[in-house]
Amino acid sequence: MKGNARAFASALFLIGLGLMLVTLFEALPFGGAPMQVGQAIAGRALEDTGATNIVSAVLLAYRGLDTLGEVAILFVAATAAGLVLGGAGRAEAQGTPAGFILRAAAALLFPFLLVLGAYIVIHGHLTPGGGFQGGAILAAAFFVPLLAHPASPVNHGVATVVEAFAGAVFVVIGLAGLVGGGAFLVPLLGAGTPGDLFSAGSLPLLYLAIGLKVGSELAGLMARIAAAGDPARQGGKA
Amino acid sequence: MTMDAEMLGKALYAGAVCLVLLGLYGMVVPRNLMRIVLGLVLLESGVNLFLVAAGFRADAAAPILTAPFTAQAAGPLVDPVPQALVLTAIVIGVGVLALGLALVVRVKEAYGTLDTHAVANRMARETGADPAVTAAGARTPGALPVAAGRTAEDAP
């Protein structure tokens with residue numbers, strides 16, 4: 001009886017919220033250019049930063065400090081998840097090995113995923129992609145073999161060192177901007193020739209740091225969650 | 001463009017509203033913690049879809065410059081700022097999802113169930129609180145076991 005009342009109230013709330021949102025979106029213009037900031041940035045991002053991928057220019061040059069905060073949030077979430085799951089001090093995983101197809105494909109995929117992830121990270125200022133996207137692919141490269149061989153031990157130490165180093169590099173580049181350019185995270189080293197791999201100043205370096213950091217963080221996170229879901233370990237815990 | 005911009009906008013906004021409502025439903029109605037986490041993911045997707053759609057411009061290209069690398073030659077571009085914002089939101093969403101899943105794994109380990117009512121009842125038994133009060137706390141949409149326990153303690 002109480003459950004029915006609750007479901008009814010929830011449905012009423014959702015219908016009301018849906019009507020409100022639809023009414024709001026009806027009044028919203030679509031396909032125009034509602035924000036002047038975006039058009040201004042699109043017009044001058046190339047002269048300012050040298051990056052042909054304007055989303056990257058916004059992310060690293062115009063909103064670099066926000067990106068540092070975002071990386072910090074990801075770091076805090078990964079740390080908290082590691083803390084909740086109990087970290088590396090627990091027993092090794094003892095899952096059953098995966099089937100032949102997954103094992104063969106994991107060995108085959110590993111180098112290609114590494115190359116693709118590195119390519120997307122390094123060309124983040126030129127083409128679609130960047131540190132976050134490439135970092136996710138790098139993390140997948142290291143996680144797929146773990147899926148194929150669940151019993152293999154995970155070296156959390158290397159991931160932690162890479163992650164800490166990459167985060168420090170990001171902050172050091174920001175401080176170099178403070179010294180050399182007068183503001184935190186100001187792009188340095190000149191804009192260069194647009195479209196070249198070595199252009200856009202310090203933006204590719206920032207993306208490289210982000211790619212390494214995101215890759216090591218996500219790989220560590222997924223490995224921890226996968227190990228925590230191991231049934232053998234759950235039995236030992238209870 | 002094959003589809004009329006007006007139609008496209010309506011479809012995108014309708015999709016965003018549907019995702020948001022589905023996500024909220026998933027967070028409010030089910031009693032399984034895993035479904036509550038998945039509801040949060042759907043809700044985030046809806047908000048992200050809305051933000052990207054808001055930056056759309058009819059007859060404009062993606063904000064990636066190609067040769068000859070001048071903003072004038074590229075013509076109109078869609079708004080890059082919402083895309084960068086959504087990139088940030090997606091990454092933060094991954095962090096939140098990982099933390100939520102870690103908590104779900106721990107709840108499953110500690111209580112052997114993901115049902116919010118069962119977890120709240122068990123918590124009430126272990127802390128010696130009034131089960132009715134704790135159950136009321138658990139009925140709060142998406143309440144985590146910690147919040148339910150606190151409700152029980154704070155009750156007079």
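Select Arg122(B) to begin: with a relative accessible area of 29%, Arg122(B) is classed as partly exposed, a term for values between buried (under 20% relative accessible area) and exposed (over 50%), computed with a 1.4 Å probe on protein chains only. The model is predicted, and local features need pLDDT of at least 70, side-chain atom pairs count only at pLDDT 80 or more, while totals for chains, interfaces and linings use all residues. Residues are numbered from 1 along each chain as its sequence is written, chains are lettered from A and ligands numbered from 1 in the order in which they are written, and side-chain values use heavy atoms, with hydrogens and water left out.

**Stop 1: charged pairs**

Glu126(B) and Arg122(B) form a salt bridge, with 3.1 Å between the closest N and O atoms; the term denotes a side-chain nitrogen of Lys or Arg within 4 Å of a carboxyl oxygen of Asp or Glu. Side chains of opposite charge can pair when their charged atoms come close. Glu126(B) is exposed, at 52% relative accessible area. Both residues belong to helix α5 (residues 116–127) of chain B and stand 4 residues apart, about one turn of the helix. Helices here are DSSP runs (H or I, at least four residues), and strands are runs of E of at least two, numbered from the N terminus.

Next, select Arg106(B) and Glu109(B), which form a salt bridge with the closest N and O atoms 3.0 Å apart. Both lie in helix α4 (residues 80–111) of chain B, 3 residues apart. Is Glu109(B) buried or exposed? Glu109(B) is buried, at 8% relative accessible area, whereas Arg106(B) is partly exposed at 27%.

Now move to chain A and select Lys213(A) and Glu217(A), whose side chains meet in a salt bridge of 3.4 Å, N to O. Both residues are buried. They are separated by about one helical turn, because they stand 4 residues apart in helix α8 (residues 203–228) of chain A. Over all chains, the count is 5 salt bridges.

**Stop 2: where the chains meet**

Display both chains. How many residues does each chain bring to the contact? Chain A brings 55 residues and chain B brings 50 residues, where contact means heavy atoms within 4.5 Å. The two chains bury about 4600 Å² between them, 74% of it on carbon and sulfur atoms; buried area is the accessible area (1.4 Å probe) that two parts lose on being put together, summed over both. Select Arg6(A), Phe25(A) and Phe30(A): these supply 16% of the area that chain A buries against chain B, more than any other three residues. Between chain A and chain B the count is 0 salt bridges.

**Stop 3: the nonpolar cores**

A nonpolar core is a set of buried Ala, Val, Leu, Ile, Met, Phe, Trp, Tyr and Cys residues joined through side-chain atoms within 4.5 Å. Select Ile54(A), Phe132(A), Leu203(A), Leu206(A) and Ile210(A), which touch the most other members of the largest core, a set of 34 residues. Helix α8(A) gives the largest share of this core, 8 residues. Finally, centre on Ile210(A): leaving aside residues up to four places away in sequence, Ile210(A) touches Leu60(A), Thr67(A), Val71(A), Gly131(A), Phe132(A) and Phe170(A). Another core, of 11 residues, lies apart from the largest one and includes Leu17(A), Leu21(B), Leu43(B) and Ala53(B).
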